[in-house]
Amino acid sequence: MTQKKPKMKRIAVLTSGGDAPGMNAAIRAVVRSGIAAGTEVCGIWSGYEGLLEGNVLQLSASSVANTIQRGGTWLKTSRSDEFRTKAGRKKAAHVLDHAGIEGLVVIGGDGSYRGALALHEEHGVRVVGVPGTIDNDIRGTDDTIGFDTAINTAVEMIDRIRDTASSHNRIFIVEVMGRASGNIALAVGLSCGAEFVMIPEVKTKIQDIHVGLQRSIARGKLSSILVAAEGSALGGANEIAAKLKVLGHDAKVAILGHTQRGGSPTAHDRILASRMGQLAVESLLSGKPEGMIASVKGEMKHLSLLAVNSKTTTAQAAKRMEDLVRILAI
Ligand code: F6P
């Protein structure tokens, strides 16, 4: 049987922005799916920064052996200021052309997607985005690689904090990541039975928390867990603690920080990453000029990168947020 000639002789993959558990599983899927389809696959070291430096290496199926269970990204990642400029993207397009790379898989968050779209629009580079961020804040996809692991890590930490909070009758404010999004805080708050969740999207008043805490104390409940998104409308955990102090509440602060970004990916993230990486390659090889892979109601889809800015998907994300807020209020 003669094998069908792939449309592209060589493609490349890079990871960009904040790392997320499961990125290695996505790289692995891209490499192995590409090679299985008869295409050469290169890895670009250290994201867009490495691309600008021409840091491109040819990969084989064994380059990604024993990586599916590893956290972080073995290809390394970066946030590149130079790539945000037109001159930077021109240089990047030249590097890709010089290396004979005809399609690029970008694993990262929405900032990385915007860079990929600009590279496509300005230089015709064929690109496909794979959503890799713990924040789960990419429009168009229900799920991003790393979110599940991050929330499970945070939940494990908060369960531990709950034990000591309850033993000492203490209030704890636990700060989780998420930048301008409350997705992590909501999911974690819901899973841990937090008494309050503070997120950027909802303007909680400190007075409401004060009243809620007083009500708990009045009925003999002396310990509480408050989960705050780092970008919450009331500020981070330290700011909230200072505001509560003025109202007579002593609260301990725990900032979970980068622990949420590390660690071995959950099975969910490994499966998601593998499915997404495989479809990214299929999309590129089928001749799609640009796109992003999205998980929509459990199905993997190819959408345009323009969906990142679309009003429909913004509304969908807002609806999802509203649903969680409603459940939390129960
Ligand atoms: O986007 C992922 C994320 O972990 C955010 O939740 C957080 O605000 C940010 O990255 C932190 O970035 P850095 O590791 O560069 O400080």
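An N or O atom in the side chain of Arg179 lies 3.4 Å from an oxygen atom of the ligand, in what is a predicted model. On its own the ligand has 400 Å² of accessible area, of which the protein covers 74%.

## The surrounding shell

Besides Arg179, His258 and Arg261, the residues around the ligand are Arg79, Ile134, Asp135, Met177, Gly178 and Glu230. The space that the ligand takes up is the largest pocket.

## Aromatic pairs

With ring centres required to lie within 6.5 Å of each other, the count of aromatic pairs in the model comes to 2. One of them is formed by Trp45 and Trp74, whose rings are arranged edge-to-face, with 6.4 Å from centre to centre and 65° between the planes. This pair links distant parts of the chain, since the two residues are 29 residues apart: Trp45 belongs to the loop between β2 (40-44) and α2 (47-52), whereas Trp74 belongs to the loop between β3 (56-59) and α3 (86-98).

Notes
Residues numbered from 1 in each chain as written. Predicted model: local features only at pLDDT ≥ 70, side-chain atom pairs only at ≥ 80, totals over all residues. Heavy atoms only, no water. Near = heavy atom within 4 Å. Polar contact = N/O pair within 3.5 Å; in protein donor to acceptor, adjacent residues only side chain to side chain. Areas by Shrake-Rupley, 256 points an atom, 1.4 Å probe, with all protein chains shown as cover. 1 Å grid on protein atoms, 1.4 Å probe; cavity = no way out; pocket = protein on both sides within 12 Å on 5 of 7 lines; lining within 4 Å. Sits in = over half its atoms within 2 Å of the grid points. Phe/Tyr/Trp six-rings, centres within 6.5 Å; stacked < 30°, edge-to-face > 60°. Helix = DSSP H or I, 4+ residues; strand = E, 2+ residues; numbered from the N terminus.
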